[in-house]
Amino acid sequence: MNGYNFTLNGTDLTALGSGALYWPAQNLLCVSDLHFGKSERRARRGQPPLPPYETRDTLSRLEADIAKTDARMIVCLGDSFDDSAAVGALLDDEKLWIASLQAGRRWIWIEGNHDPGPVNLGGAHLTELCLQPLTFRHIARMGEKGEISGHYHPKVSLRLKGCHLSRPAFLIDKTRVILPAYGTYTGGVRSTDSCLQALMGPGAMAVLTGPVPRPAPMPR
Amino acid sequence: MAPLPDLFKTWFAKRGWSLHPHQQAMLDRSTDSALLLIAPTGGGKTLAGFLPTLVDLADGKHQGLHTLYISPLKALAADIKRNLRTPVDEMRLPIRIEDRTGDTPASRKKRQRADPPHILLTTPESLALLTSYEDAARTFEGLKRVVVDEIHALSESKRGDQLMLALSRLQSICPGLKRVGLSATVEDPAAIASLLARHPDPCDILLADPGPDPDIAMLETPQAPPWAGGGAAYAIAAVMDQIRQHNTTLIFHNTRAQAEIFFHNLWLANDDALPIGIHHGSLDRQQRARVEGAMQRGELRAIVCTGSLDLGIDWGDVDLVIQVGAPKNVKRLVQRIGRANHRYNAPSKALLVPANRFEVVECLAALQAAFAHDLDGDSRGPGPRDVLCQHILIRACAGPFDASELYTEVITTGAYAKLSREDFDACLNFCATGGYALRAYDQWQRLLQRPDGQWQLRDPRASQLIRMNIGTIQDSDTLKVRMKRARGGKPLGEVEEGFAASLSPGDTFLIGGQIVRFEGLRDMTVEVSRHKGRKPKVAVFSGTKFATSTQLSQRILAMFAQDDWPELPDHTRNWLHLQRQMSELPRANSLLIESFPHDGREHACIYGFAGRNAQQTLGLLLTKRMEELGLAPLGFVATDYATLIWGLEPLISAGPLFDIKALRDGLDTWLMGNAVMKRTFRASASIAGLIQRNTPRSRKSGRQATMSSDIIYDTLAKYDPDHLLLDITRQEAMRGLVDFGRIEEMIARVGPRINLQRLPRVTPLAAPLFLEVGRTPVAGAAQERLLAEETERLMQAAGLAN
């Protein structure tokens, strides 16, 4: 598979170029911060109406990753919806699309700060998920081991012979992985931001997303 | 003839002044619905514009706002206020004059809406904001005249379009409103008149005596200019000599970075410690104000500056203007020269300093055009629709409106006179619903149609956001630069975010004429310390790089057709003769392409003479075509006159490259994914109100992850390719950064006459291109390869390689 393989808490994992994380032993695919319904929520609040296509764009990328890995378990790591009302506002064909992806798979919605309540779509709704030896939760906690989280939308900027390149990135150290945001309408926080610096231990790596995921030392 | 009241006659007489003929004419024609005055700087233009107002207000009977004065610069509004005070105070006229800009305190702004002064001095953006309030009709009640100063500058940008749309609104509130435009010398006064007048009203043009011809020459230096580059460091000693011989010299540069380098070099050569200042748009406001103050008091011998000093603030005793670098545009040159010698009827003195060998030719062409009064200008085409979208949103802030009435009002604006109802409705639909093929927001429309047919904002709170984002000026993302101190040191100015991101602690750069050392980023501010070095890295400023005008390019091509060039200095003359021996010189009615091997690579040099932006776009399009044709291009560099492409395979046949249809397809397909198009989109999307740059939330924490406009662009291109904003982006691509219009023009001009010269080695005319900076690697696969190399290098360096 086109991915970057690494080990966390003794478990082999693969960071995919799309920003999804694959756990071969469990045949589990994890994506974070989908932010479905972002454009709808903004319009509802009187902000400019963004092109209302981000949910289908995110779904088509997720569908491709599911097809590629044939994962039987999908973990959406929180902030799957831009807010609770956005769940209800999904268009019918988008809801059907989600249902068709869920068919025959275990699907878990981890709660995030944007979507704390249960959702009326299929799948289980959990605060966090422990699958020994790993824990899946939305926001990283200090001192945890074997933790997979999202929330921060990490990105990395590199200087390449005169031009700048900024890409969403996985941040990986000995105890945790922070996933990049998977949703189409998401910005990012640079890895040099103080909160990410505080969370990630010495020797942390960044894996830049793209056609081929590229590992690099996490810029400090 | 309208007689001047006695009070005014006495005042003029006491000062020993007499009315200029054009000032009398403005008074005589004060009832014209629109009138354009073209006068040189120093011709008493402002007084001519205000005289009818002062006379009308002298009896103290008028209540409320009488005259609105609009200028492109805040500083100009303040300057005019000072100048108007003199006659008003000395004649004890009962006239209240106030200005209103972004710097005016909120309390005074609020008071001005309820109780406006007789004369209000403001900018296009502040006026647009005023019209967005519900009480606009009351504020403007009784308004009789509007004076648009420096209208030639406004007419070249979207600021002018926004202003004229605001005037169409004012005209509906005050049907008797008279419009006056004040302009410097321009190539096509009628075009400006048609923008100014309420369409289809007439607008007469008054031409003041232009005064004597300026005294312009090329600066002669013992040393020949270099082959490439824009620094003009070779001319420092000669320029220093000129400064010594004159009272005050203005030294204009085309870019802020060049101004910084030149000032630095000038300072190193300033053995007599003459007081010399620097002034450009990226410097801190206080720093600029200090230089302006010193200049007005006559304390400076020279000011190194950019377009920030182009407009008419009166600087007093300037007796020499130096233009460093080819002027790119004859009209701007003539207007800059007008800054010298503000005494009416005295010739202005100016010197041109070519920065490199090719610019010698360009400067000579510009000189000849200036002598011939042959000014250039590109027509701007119909009124831009992104500005119209913003106008519709501003109108909605002021209260419910009828679509047909607004349409009728909009087409009284010259630039929008030909706007179809269909296009207007598309803009209205965009403002109301986003205008997407997928109708997802019926419940949350921005504008709603009420049962009575009027349109209004669904959520009245949206008006705050719309007001915060009024304006059409596109600041690129910049960061403030400060001295590092415990409590935040002295502000120096700003640099582009991209430049700031490229700095590592210890790097040095120039700002405001001093070398500073980068210490770090704190709270979105670049912190620096003083540094004593002599060789800085240079700040990349956001100042526009102007492309050489079509007309000036044509003059250069015409000059190339001469048998000899006795008017050129020998070094440049010999260079052109050598080019003619080894290859040939480019001609107006054909396209010269030179193809030659050099340094182990194949090269193709395309002399399109289409201006920097179009030559850059041509490079993008041609390398794509060359990739398809298997010529393996590796990169290119563009100047105002040529594009040099290098690659692995020689170019043997050029015809297939220049198929206009294929190039046009390239624009529509793959160029749409290019960064330049994305920047064009970003500008239009923020003007049209899809992207809001200012929000009430502060962006201080840096934690707030803002989404890039590129994502919106990519999403639209993928799911809604016929969307209004993409259509606007394609239209904008005809000029500006993409400038595809000039590629089309060039292809139409040369027709099938493409002249490919296969040569054994690099030619004299192509050689300077090898020294140009700003090389563009061919993107796509190349970028991924660079990323792979860089990440591997970093892994190796960290000892993490597998």
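Helices (H or I, at least four residues) and strands (E, at least two) are DSSP runs, numbered from the N terminus. One such helix is α5 (residues 194-199) of chain A, which holds A:Gln197. This is a predicted model, in which local features need pLDDT of at least 70 and side-chain atom pairs count only at pLDDT 80 or more, while totals for chains, interfaces and linings use all residues. Residues are numbered from 1 along each chain as its sequence is written, and chains are lettered from A and ligands numbered from 1 in the order in which they are written. The model scores ipTM 0.92 and pTM 0.88.

**Confidence in chain B**

- Chain B has a mean pLDDT of 87, and 92% of its residues reach 70 or more; pLDDT is the predictor's confidence in each residue, from 0 to 100.
- Over residues 698-704 of chain B, pLDDT stays under 50, and the model has eight contacts beyond four places in sequence for this stretch. Two residues are in contact if their C-beta atoms, placed from the backbone, lie within 7 Å.

**Contact between the chains**

- Chain A contributes 35 residues to the contact and chain B contributes 40 residues.
- On the side of chain A that touches chain B, at least two residues each come from α1 (38-44), α2 (54-69), β11 (154-160), β12 (163-172) and β16 (214-217) of chain A.
- That side of chain A comprises 18 nonpolar, nine polar and eight charged residues. Here Ala, Val, Leu, Ile, Met, Phe, Trp, Tyr, Cys and Pro count as nonpolar, Asp, Glu, Lys and Arg as charged, and the others, Gly among them, as polar.

**Annotated span in chain A**

- An unreviewed UniProt entry lists residues 28-126 of chain A as "domain: Calcineurin-like phosphoesterase". UniProt positions are given in the numbering used here, feature names are shortened, and annotations may be inferred rather than shown by experiment.
- The span of residues 28-126 of chain A is 40% helix and 16% strand, and its end C-alpha atoms lie 16 Å apart.

**Nonpolar cores**

- A nonpolar core is a set of buried Ala, Val, Leu, Ile, Met, Phe, Trp, Tyr and Cys residues joined through C-beta atoms within 7 Å. A residue is buried if 20 or more other C-beta atoms lie within 10 Å of its own, exposed if 12 or fewer, and partly exposed in between, with C-beta atoms placed from the backbone.
- The largest nonpolar core has 192 residues, of which B:Leu37, B:Leu196, B:Ile251, B:Val304 and B:Ala366 touch the most other members. Helix α15 (residues 357-371) of chain B gives the most to this core, with nine residues.
- Leaving aside residues up to four places away in sequence, B:Ile251 touches B:Val239, B:Ala302, B:Ile303, B:Val304, B:Cys305, B:Ile322 and B:Val324.
- A second, separate core of 55 residues includes A:Trp23, A:Phe81, A:Ala140 and A:Ala204.

**Covered helix α14 of chain B**

- In helix α14 (residues 330-337) of chain B, eight of the eight residues are buried. Among them are the charged residues B:Lys331, B:Arg332 and B:Arg336.
- The cover over the buried residues of α14(B) includes β8 (215-218), β9 (249-252), β12 (320-324), β13 (349-353), α15 and α21 (550-560) of chain B.

**Hairpin in chain B**

- Strands β24 (residues 633-638) and β25 (residues 643-647) of chain B pair in the antiparallel sense over five bridges; two strands pair if DSSP finds at least two bridges between them.
- Four residues separate β24(B) from β25(B) in this hairpin, and B:Phe636 has B:Ile645 in β25(B) as its bridge partner.

**Surroundings of A:Gln197**

- A:Gln197 is partly exposed because 13 other C-beta atoms lie within 10 Å.
- Not counting residues up to four places away in sequence, A:Gln197 touches A:Thr192 and A:Arg220.
- A:Gln197 lies 128 residues from A:Thr69 in sequence and 32 Å from A:Thr69 in space, C-alpha to C-alpha.

**Backbone geometry**

- Most residues other than glycine have a negative phi, and most peptide bonds are trans.
- The peptide bond from A:Gln132 to A:Pro133 is cis, with omega near 5 degrees; A:Pro133 is in the loop between β8 (129-131) and β9 (134-136) of chain A.
- B:His199 and B:Pro200 are also joined by a cis peptide bond, with omega about 0 degrees, and B:Pro200 lies in the loop between α10 (189-196) and β7 (204-207) of chain B.
- A:His35, in the loop between β4 (28-31) and α1 of chain A, has a positive phi near 50 degrees. A:His35 is buried because 28 other C-beta atoms lie within 10 Å.
- B:Asp739, in the loop between α27 (724-732) and α28 (740-750) of chain B, has a positive phi near 55 degrees. B:Asp739 is buried, with 24 other C-beta atoms within 10 Å.
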